[in-house]
Every structure is written in C-alpha cells, then in structure tokens.
Amino acid sequence: MDNFFTEGTRVWLRENGQHFPSTVNSCAEGVVVFRTEYGQVFTYKQSTITHQKVTAMHPTNEEGVDDMASLTELHGGSIMYNLFQRYKRNQIY
C-alpha cells in the first residue's frame, strides 16, 4: 500500500473483525502507529497494511449524523461511533 498516511489522518482500522475509529499518530521508517478513539494503540509495518485493514474515514463520520441511514460508511463500527459522538453531545435520541 502506498504511503498516503500523514499524522492526524482519520481512518477506520479493522482489527479482530471490528472497525475502530482511529487517528494516525505517526508514520515513519516504515512503521505506522494508530490510536483509536477508545485509547488503544496499534502498530503495523507499513508493508503489511492493506485497504481491508485501513480505510480513510469520511468527514461526516467524524462529526456524527442525526439520521444513521445517512452514514456514508455503514458497518458496526460506524454505527457505534456515531452513537458515541451523539452521546458526547447529549443528543442520544
């Protein structure tokens, strides 16, 4: 996979069958470090990262949406993250 990651890029990281909203912490010397919104840290060699493992996060998913049918990426991780974002804003309904 080409090196398109820069520090601060928001991505979906697929790990153990789950999608985690994550941020690229660093990308140097062939090693990419991801930090999830839930505090987990994952480190991978850049050569092992595939599009199935990491995908860019659409900007609407970063902020959350009122109508979950309008999520651009629809998987368990995006639904849970959207609920998490709404909970933080006290907009759970």
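1. Helices (H or I, at least four residues) and strands (E, at least two) are DSSP runs, numbered from the N terminus. An unreviewed UniProt entry annotates residues 63-93 as "domain: Myosin motor"; UniProt positions are given in the numbering used here, feature names are shortened, and annotations may be inferred rather than shown by experiment.

2. This is a predicted model, in which local features need pLDDT of at least 70 and side-chain atom pairs count only at pLDDT 80 or more, while totals for chains, interfaces and linings use all residues. Residues are numbered from 1 along each chain as its sequence is written, and side-chain values use heavy atoms, with hydrogens and water left out.

3. Two helices and five strands make up the secondary structure of the chain, and the pattern along the sequence is β-β-β-β-β-α-α. The radius of gyration (taken over C-alpha atoms) is set against the globule rule, 2.2 Å times the number of residues to the power 0.38. The chain has a radius of gyration of 14 Å, close to the 12 Å that the rule gives for 93 residues, so it is as compact as a globular protein of that length. The C-alpha trace spans about 45 × 25 × 20 Å along its principal axes.

4. The five strands form an open sheet with antiparallel pairing, in the order E4-E3-E2-E1-E5; two strands pair if DSSP finds at least two bridges between them. Strand E4 (41-45) and strand E5 (54-56) are the edge strands, each pairing on one side only. Neighbouring strands are turned by 40° against each other on average, direction ignored. Axes here are lines fitted to C-alpha atoms, for helices over the stretch in contact, and angles run from 0 to 180 degrees between N-to-C directions.

5. Helix H2 (residues 76-88) packs on this sheet and touches strand E1 (10-15) and strand E2 (18-28), contact meaning heavy atoms within 4.5 Å. The direction of H2 makes about 125° with that of E1.

6. Strand E1 deserves a separate point. Buried means under 20% relative accessible area, exposed over 50%, and partly exposed in between (1.4 Å probe, protein chains only). Five of the six residues of E1 are buried, so this strand is largely enclosed by the rest of the structure. E1 and E2 run antiparallel and are joined by six bridges, with Glu15 opposite Gln18 in E2. These two strands form a hairpin with two residues between them, and Asn16 in the turn has a positive phi of about 55°. E1 also pairs with E5 in the antiparallel sense, over three bridges; there, Val54 is the bridge partner of Leu13.

7. A further hairpin is formed by E3 and E4, with four residues between them; Gly39 in its turn has a positive phi of about 90°. Strand E3 (residues 31-36) pairs with E4 in the antiparallel sense over five bridges. Within E4, Thr43 is the bridge partner of Val33, and Phe42 stands opposite Phe34.

8. For the chain as a whole, buried residues make up 37% of the 93 residues.
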